[in-house]
Amino acid sequence: MGSELKSLTGSNGSLAQHEDSPRGVAGALKDERPLLKSDSNAGVAASTESIEEMEKKYAPYVRRDVYGTMGLGPWETKEKILLGIALSILVPIRVVIGMLILVLYYLICRICTLFSAPNRDEEQEDYAHMGGWRRTTVINSGRFLSRAMLFTLGFYWISETHRSSSDQGESRGLRDESERPGAIVSNHVSHLDILYHMSSSFPSFVAKRSVAKLPLVGLISKCLGCVYVQRESKSSDFKGVAGIVTQRIIEAHQNKLSPRMLLFPEGTTTNGDFLLPFKTGAFLAKVPVLPVIVRYPYSRFSPAWDTISGARHIFLLLCQFVNYMEVVHLPAYYPSEEEKENPKLYANNVRKLMAAEGNLTLSEIGLAEKRVYHAALNGMFSQS
């Protein structure tokens with residue numbers, strides 16, 4: 001489901017479609033340039049700045065694993081041997097098992113949706129509000145098979161930490177703790193984030209409308225309750241999607257049977273060491289949110305999707321014998337009255353909390369700078 005996505009930001013900056021993840025939060029189309037294509041501005045940057053200077057300037061997107069910038073090396077002889085062994089033995093096994101898991105879950109979703117009409121609302125279509133045994137089967141099998149997929153990809157152990165409100169004192173301004181959080185807000189490092197959250201809480205999220213038409217994946221996305229956005233649509237569609245997302249968050253807040261929304265307020269992926277400015281889309285509903293921090297410790301390959309192409313990222317990921325993931329679940333954040341009336345304040349306070357609890361560095365650059373960095377690197381490697 002991965003693709004080179006385009007930036008989608010609303011005129012008020014409230015929601016953003018993820019540039020380089022399979023799914024994201026919707027907004028209005030702003031820039032059609034592919035991430036890894038160079039342009040004249042990037043060419044100037046490449047000619048006037050060294051890689052070291054750019055790495056300091058665009059630190060949240062810098063890869064520091066053994067496979068080098070953009071995963072293009074140079075690779076040591078040892079790595080070439082390990083990749084060769086993995087390519088001939090490990091990769092075929094993982095591909096076959098991964099496809100079997102995908103097909104199995106598709107069949108489960110197909111059986112559970114037989115003779116069941118999907119919910120249709122403003123060009124949206126989903127099965128997220130099925131009840132009874134159907135919904136229970138979809139959720140439980142989805143969580144189990146998502147974890148099985150991560151296991152297949154080498155994530156044999158996932159370190160999970162659940163922080164309590166007492167660990168953080170009363171500085172967060174907690175309110176009525178009987179209120180149910182309506183959204184999960186997470187930092188965004190890799191497309192693997194989606195699989196983890198599916199295995200953990202099985203939330204709904206936002207995806208391109210074309211995802212709904214994909215073989216196998218399309219039906220699965222409808223069972224997840226995806227909110228679909230048309231990439232080419234203008235502001236009218238943005239307002240519709242923003243309203244649907246807010247409505248879904250409120251529904252999840254009020255009804256425990258409604259799936260929570262998963263939102264990545266940074267709007268794009270980083271290398272996992274930084275936290276970018278938050279969009280306000282997850283905070284417009286004025287309800288509590290659940291902050292989650294995901295990190296990928298590594299010794300050889302970084303699972304972060306930063307300056308590496310999707311195909312190369314998946315290839316190197318499949319070649320790793322073991323991968324690691326650490327997750328910190330923070331207690332629900334209950335906004336104050338001031339935060340409810342000021343979504344930017346609400347978003348910024350949650351961001352500061354996540355940075356402090358996850359030992360992440362706050363950065364003020366965003367997707368625009370990521371485009372420039374990617375394009376400049378692409379220009380450099382093209383010339384060399």
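Start by selecting helix H3, residues 77-113, and pick out Ile93, which sits in it. This is a predicted model, so keep that in mind as you click along. Ile93 has a relative accessibility of 45%, and therefore counts as partly exposed.

Now widen the selection around Ile93. Together with Ile81, Ile85, Ile89, Ile97, Trp157, Phe321, Val322 and Tyr324, Ile93 makes a nonpolar surface patch of about 860 Å². Colour these residues and show the surface to see the patch.

Next, move to the loop between helix H2 (51-57) and H3, and select Thr69 there. Is Thr69 buried or exposed? Its relative accessible area is 14%, under the 20% cut-off, so Thr69 is buried.

Display the strands in the order S6-S13-S12-S7-S10 and you will have an open sheet of five strands with mixed pairing. Which strands are at the edges? They are S6 (158-162) and S10 (261-263), each of which pairs on one side only. Look along the sheet for its twist, which averages 20° from one strand to the next.

For one of the pairs, select Ile158 and then its bridge partner in S13, Met325.

Keep the sheet on screen and bring in helix H5, residues 192-200. H5 lies across S6, S7 (183-186), S10, S12 (289-295) and S13, and its direction is at about 55° to S13.

The last stop is helix H6, residues 217-224. How many of the eight residues of H6 are buried? Eight of the eight are, so the helix is largely enclosed by the rest of the structure. If you label them, you will read Val217, Gly218, Leu219, Ile220, Ser221, Lys222, Cys223 and Leu224.

Terms used. Residues numbered from 1 in each chain as written. Predicted model: local features only at pLDDT ≥ 70, side-chain atom pairs only at ≥ 80, totals over all residues. Heavy atoms only, no water. Patch = residues over 30% accessible without salt bridge, like charges linked within 9 Å, V, L, I, M, F, W, Y side chains within 5 Å. Areas by Shrake-Rupley, 256 points an atom, 1.4 Å probe, with all protein chains shown as cover. Salt bridge = Lys/Arg side-chain N within 4 Å of Asp/Glu carboxyl O. Helix = DSSP H or I, 4+ residues; strand = E, 2+ residues; numbered from the N terminus. Buried < 20%, exposed > 50% of the residue type's maximum accessible area, 1.4 Å probe, protein only. Pairing = 2+ DSSP bridges. Axes fitted to C-alpha atoms, helices over the stretch in contact; angles between N-to-C directions. Contact = heavy atoms within 4.5 Å.
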